[in-house]
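Today I am going through this model with the notebook open. I will jot down each thing I look up, in the order I reach it.

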Amino acid sequence: MIGSNFCKLRAQVVVFLMFMAAAGSGHAALQQATASATPAAPSRADILRGAYGPYRVNNDLLSYHLDVRVDPEKQSISGKNSVRFKMLADGTRIQLDLHPALAVDKILLGATPLTYVRDSGAVFVDFPETLHAGQEYTIDFYYSGHPLQTARFGGFTFAKDPAGHPWIYTACEDIGASVWWPNKDQWRDEVENMQISVAIPNGLVDVSNGKFVGKTDLGDGYTRWDWLVQYPINNYDVSLNIGNYVHFSDQLGDLPLDFYVLPEDLDKAKKQFAQAKGMIEAYQHYFGEYPFQKDGYKLVEVPYSGMEHQSAVTYGNHFTNGYLGRDWTGVGVSPKFDFIIIHESGHEWFGNSVSAADRSDMWIHEGWTTYLEVLYVEYTFGHEDAIKYVNGYKPKVQNREPIIAERGIAATPPQDMYFKGALFLNTLRSVINDDARWFALIHDFYQHFKYQNIMTEDVVAYFNQQTGMNLTPLFDQYLRHTAIPTLELKFNEAEGTVDFRWQADEPDFAMPIRVGKKTDWQIIQPTTYWQTMKTPLKKNEFDVATDLYFVNVSKQ
Ligand SMILES: [Zn+2]
């Protein structure tokens, strides 16, 4: 995802600058700005949505068939989701979720109506007889109403294109997919596959996730568009995009590429979307085959910046390079490519294929995908540009809250998960200090966890096991604390020595780092205890490779 967090970023920068101006002192301003960063206590709704509670843990999703009708005039949605699941323990209740703005019309097990209890966004469904562990069941959850539009592009939006045609789209990672359809709205459990059927007025086009199966004229002025998702999918990735789209297609090897844009943008799109091939080639080079081969790859024009909807990435970057017309990392590299195509599609590997099992660990999506941008730059424009590009992210890092948020409350981690996450991975590459080994490691990491939902502990255990190193204090320092490590250097020029150690929150923090002369780096192994080394270099000649490691340096 990209978008809402960055709006917040801009607001915070403005507030910070106002403090600077008012206080007349950078330090005082920083303290005031930092003090305001206390997260609010989770609401009951946050806990019901965020926790993997007893009525979620007792079942395992198998498939959804979401079958809805969207009325642009009435700005309403109605239909059903058929939820197929396997019970993991005997029970008489499961938890599904649907935003309180929408009505539950009925819930059926076969022909039997089920009772249910609504509690904020949760819908607890009760069964008249015990469901048995190991058995599979399907319930049909009927609902209707006017789905909520939230924030700049959140939720479900009924809009119009510049020519006045309906333009209707969903983007719901923050608020949760249950804002517009009933599902088990959490991150741990995904269906294995999904059918999406969307009935819309004749003449409009619906683009959803997966492979296009066909369309059926319903004879009442509506046409149903059927899509088939043949892989596990996050709920929030499930999307509909309804508009006056024109379609063109291409192919990368066996992979179908399909593009949907407004008619007036067709020529621009044909030119700009050519970048999709180079992007897929770059990511396939580092991580292996595009994850959703059978479903194809799509780009779909929308009026907001973009979103990684699985196999149907939405795009609103105005068919220009950079990010919304800007040089995104401010170092002259970003204008060479279309940020939204490169970032949002990177999520096909990290976010959609490898997914976090709790929103708290969303850096697995955003930190990795931001690092994928860096790899794309390296593959396409070379290593020097990649180092420039990733270091261009430094001014965006805030170091105000740990990257990993509180678990089980649907908490959104701070934006540091993007930029600091990528800078951390760039640091880790320097720690491995062997590019062939690093590229094999990240390739194998992706392959090991593809189509799975994992937590940071899984990432750390994998890296430790594969490298034979204890990288836990590194991961913990960068992900679970606010500060980055500081390399403390104390020079004794008369003796020709320098004392060095890491200042870090993790007592066992130990990280090799390149120091000395830029043309002839020397690797030292600082820990949190003082050590001494000889150096012919004076304090002002002694460099640290801060473009390869995201650290502070303090010289005395
Ligand atoms: Zn993203």
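**Helix α7 first.** I began with helix α7 (residues 339–346), which lies across β19, β20 and β21. Its direction makes about 160 degrees with β21. My angles run from 0 to 180 degrees between N-to-C directions, with axes fitted to C-alpha atoms, for helices over the stretch in contact. Contact here means heavy atoms within 4.5 Å. Helices (H or I, at least four residues) and strands (E, at least two) are DSSP runs, numbered from the N terminus.

**Ground rules.** I noted that this is a predicted model, where local features need pLDDT of at least 70 and side-chain atom pairs count only at pLDDT 80 or more, while totals for chains, interfaces and linings use all residues. Residues are numbered from 1 along each chain as its sequence is written, and side-chain values use heavy atoms, with hydrogens and water left out.

**Confidence.** I checked pLDDT, the predictor's confidence in each residue, from 0 to 100. The protein chain averages 93, and 92% of the residues score at least 70. Residues 4–37 are where I would read with care: pLDDT stays under 50 there. For that stretch the model has 35 contacts beyond four places in sequence.

Which strands make up the open sheet of five, and in what order? I read the order as β17-β18-β19-β21-β20, with mixed pairing. Two strands count as paired if DSSP finds at least two bridges between them. β17 (246–252) and β20 (306–307) are the edge strands with a single partner each, so one side of each has no neighbour in the sheet. Inside the sheet, β19 (residues 297–301) and β21 (residues 313–315) run parallel over three bridges. I found E301 bridged to Y315 in β21. Helix α6 (residues 275–287) lies across β17, β18 (255–261) and β19, at about 40 degrees to β17.

**Q275.** I stopped at Q275, which lies in helix α6. Is Q275 buried or exposed? Its relative accessible area is 17%, so Q275 counts as buried. The cut-offs are under 20% relative accessible area for buried, over 50% for exposed, and partly exposed in between (1.4 Å probe, protein chains only). The Q275 side chain reaches the backbone nitrogen of D338 at 2.9 Å. Leaving aside residues up to four places away in sequence, Q275 touches N321, F337, D338, I341 and Y376.

**The three-stranded sheet.** Next I looked at an open sheet in the order β3-β7-β6, with antiparallel pairing. β3 (91–97) and β6 (115–119) stand at its edges with one partner strand each, so each has a side without a neighbour in the sheet. On average, neighbouring strands here are turned by 25 degrees against each other, direction ignored. β3 pairs with β7 (residues 122–131) over six bridges, and I found G91 opposite L131 in β7.

**Strand β8.** Why do I call β8 (residues 136–145) largely enclosed? Seven of its 10 residues are buried, so the rest of the structure largely encloses β8. Strand β2 (residues 76–87) joins β8 through 10 antiparallel bridges, and I77 has G145 as its bridge partner in β8. Strand β4 (residues 102–109) also pairs with β8 in the antiparallel sense, over seven bridges. There I saw L108 opposite D140.

**Q75.** In the loop between β1 (59–71) and β2 I came to Q75. Phi of Q75 is near 55 degrees, a positive value in a residue other than glycine. Its relative accessibility is 40%, so Q75 counts as partly exposed.

**Helices α9 and α10.** In α9 (residues 383–391), I listed D385, A386, I387, Y389, V390 and N391 as buried. The cover over these buried residues includes α7, α8 (363–381) and α10. Helix α10 (residues 416–432) has 17 of its 17 residues buried. I checked its length too: 17 residues at 1.5 Å a residue should span 24 Å, and the end C-alpha atoms are 23 Å apart, which agrees. The expected span is 1.5 Å times one less than the number of residues.

**N433.** Just after α10, N433 takes a positive phi of about 60 degrees. N433 sits in the loop between α10 and α11 (435–449). With 41% relative accessibility, N433 counts as partly exposed.

Note on methods
Polar contact = N/O pair within 3.5 Å; in protein donor to acceptor, adjacent residues only side chain to side chain.
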